[in-house]
Amino acid sequence: MMEKEALWKGLKLFLGAMVLFTLLSRAVYQQGRAVVSTAAPTSGTVEHTVRVTGKTVQEQAAAVVTQPGLLVGAVRVSEGQQVQAGDVLFCLDLDNLEEAITAQSRELRKQGLSVQESYSQNSAQARRQSLARAQAQENYDTAVSGAEAALERAEQAVAKAQGALDTLPPGEIPEQSLLDAADQAQRNFEQALDDLDNAQRIYGQALETANLPEAVSNGGRIGQITYDQLEEKLQKLEAIRDAQGQVLAPADGVVTACYVRTGQLTGDTAAVLIADSSQGWKFAATVTQEQSQYIGTGDKVTLVLESTGKEYRDL
């Protein structure tokens, strides 16, 4: 009897375990089965985020220049440094600057004397030219008037000789002396004509030569231009001295390049370049060909500054 009850009890446990395993199996099956829901189709977009690294560049840069050949005493800025208008960028050595001013003043005085000498020479040449013209005119007037007077006398002698011949009775043979006198008077008249022509030609040519436009030397004008240039440079050097040799920033911005070094001489080109912040900035970056297909006009941009971490959204 006891054995029979034990068998029934084992059978019940077996059947209970089978039921439990069946329920567990169905639960696992239900969880692993895909559940699909349907809906009406709608339009939409796929957003792509493109990340690039670049740098900000200025819309306009200001070049700071100074006089060349001056010794740099100290440099107060470096590339990437922010400056405000009036900040000291670098200082020039005052002793060297004073020497440059002294040398420039000396050159200016020398050039001034050269210009004065050139103008004096031009003035003396003009006076000599004026005297030569007056002398040529006087020589012409004297020679021509003398030749005209001689011609007039010769003409009168011809008339007188011809009058003596005309007074003879018709058919009377004139004396040889009258014929000789008439012939000589005619020769003198012809010679006087030649003398007048020669006087007009020779002295006229001399007068024309004297009246030719004067060959004016441009040395004075050229020298004056050089003098003005030297004077302008001297004024610039003196202005730097008045500023205690300090070269200042012309506007607010960021130093993008500094070409001067302490102990070296300034050059002919820009000493410092400053990105003028008042003119605005722009961001420049390079994108790949694959990235470019996801970029279009009007896309929103978020800019993160590396230096401060500050974000500018929806640019």
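Let's say two residues are in contact when they have heavy atoms within 4.5 Å of each other. Keep in mind that you're looking at a predicted model, where local features need pLDDT of at least 70, side-chain atom pairs count only at pLDDT 80 or more, and totals for chains, interfaces and linings use all residues. Residues are numbered from 1 along each chain as its sequence is written, and side-chain values use heavy atoms, with hydrogens and water left out.

**Stop one: Q67.** Select Q67 and you land in the loop between β2 (61-64) and β3 (72-75). Helices (H or I, at least four residues) and strands (E, at least two) are DSSP runs, numbered from the N terminus. Now show what Q67 touches: setting aside residues up to four places away in sequence, you'll find K233, K236, L237, I240 and T266. Is Q67 buried or exposed? Its relative accessibility is 13%, so Q67 counts as buried; the cut-offs are under 20% relative accessible area for buried, over 50% for exposed and partly exposed in between, using a 1.4 Å probe and protein chains only.

**Stop two: Q244.** Next, pick Q244, in the loop between α4 (219-242) and β6 (246-248). Most residues other than glycine have a negative phi. Q244 isn't a glycine, yet its phi is positive, about 60°.

**Stop three: β7.** Finally, select residues 253-258, which make up strand β7. Of its 6 residues, 5 are buried. Two strands pair if DSSP finds at least two bridges between them. Strand β4 (residues 82-83) runs antiparallel to β7, joined by 2 bridges, and V83 sits opposite G253. β7 also pairs antiparallel with strand β8 (residues 272-276), over 5 bridges; there, look for A257 opposite L273.
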